[in-house]
Amino acid sequence: MAAGAGGHAGFQSPFALIQEIREWFDGPLLLSGAIASGRAILSAQTLGADLAYIGSAFIATQEANAVEGYKQMIVDSSAKDIVHTNLITGVHGNYLKPSIRNAGMDPDALPTSDPTKMDFGSDRQKPKAWKEIWGCGQGIGVLRDVPPAGELVARLAREYDAARREWVQRVLPEVAQAA
Ligand SMILES: Cc1cc2nc3c(=O)[nH]c(=O)nc-3n(C[C@H](O)[C@H](O)[C@H](O)COP(=O)(O)O)c2cc1C
């Protein structure tokens, strides 16, 4: 899981992460973190991953077992609305800033939590991680509605094919010329 992923995200850029993993591992590799378009799936493969793994985009689908406000907040938000903090559970993760605001905190001025004290929401006085403070990755800026999951998958497939065609048209003529 690279930086920008929903939930307990990694810290490293996918460029750095994949190139280092590929130095010692040539087996099946899934990349996740801020992937929400067909072009991003193609990019994950270009970086050296075999598969793209998508989380947040599927929360904003009709079948997802999330409250409507969460789904709509994902549709209304983009990367600038995501904060990376360890305050919520003690482990660093990415969350929707508006959900933190709704819980009465300023997402742009959060203190740092003591990492030895993980808290997954057991304290009734505090807003509950995941239930009231909503996890989300940075890739959601391209989401415009809350479709059935099948429609999202079909869109991703269409975009993937279009991005691949565009890449071939853009890059292959140069390769052919250089040969
Ligand atoms: C609300 C939420 C909860 C998650 N919980 C877990 C979890 O319990 N275990 C886990 O391995 N990954 C968890 N993830 C991470 C996802 O499995 C996935 O790696 C991540 O969502 C991919 O990044 P993306 O959301 O930007 O697509 C969670 C993600 C979200 C958004």
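Analyst: An N or O atom in the side chain of Ser56 is 2.5 Å from an oxygen atom of the ligand, a polar contact (a pair of N or O atoms within 3.5 Å; within protein, one must be able to donate a hydrogen and the other to accept it, and residues adjacent in sequence count only if both atoms are side-chain atoms). The model is predicted: local features need pLDDT of at least 70 and side-chain atom pairs count only at pLDDT 80 or more, while totals for chains, interfaces and linings use all residues. Residues are numbered from 1 along each chain as its sequence is written, and side-chain values use heavy atoms, with hydrogens and water left out.

Ala34 has a backbone N or O atom 2.8 Å from an oxygen atom of the ligand. For Ser32, a polar side-chain atom lies 3.3 Å from a ligand oxygen atom. Around the ligand there are 16 residues, and the closest are Gly6, Ala34, Tyr53, Gly55 and Ser56; a residue counts here if one of its heavy atoms lies within 4 Å of the molecule.

Ser32 belongs to strand E1 (residues 30-32). Strands (E, at least two residues) and helices (H or I, at least four) are DSSP runs, numbered from the N terminus. Ser32 counts as buried because its relative accessibility is 9%, where buried means under 20% relative accessible area, exposed over 50% and partly exposed in between (1.4 Å probe, protein chains only). Not counting residues up to four places away in sequence, Ser32 touches Met1, Ala2 and Tyr53; contact means heavy atoms within 4.5 Å.

Next comes the largest pocket. On a 1 Å grid over the protein atoms alone, a pocket is an open set of points where a 1.4 Å probe fits, with protein on both sides within 12 Å along at least five of seven lines, and lining residues have an atom within 4 Å of a point. The volume of the largest pocket is about 250 Å³, counted as the space filled by probe spheres set on the points, which are joined across faces, edges and corners. Its lining has 22 residues, with Ala5, Gly6, Ile54, Gly55 and Ser56 nearest the centre. Helix H3 (residues 56-59) gives the most to this lining, three residues. By class, eleven lining residues are nonpolar, eleven are polar and none is charged.

H3 also has a part in covering helix H4: the buried residues of H4 are covered by elements including H3, strand E4 (93-96) and helix H5 (97-102).

Technical notes. Nonpolar A, V, L, I, M, F, W, Y, C, P; charged D, E, K, R; others polar.
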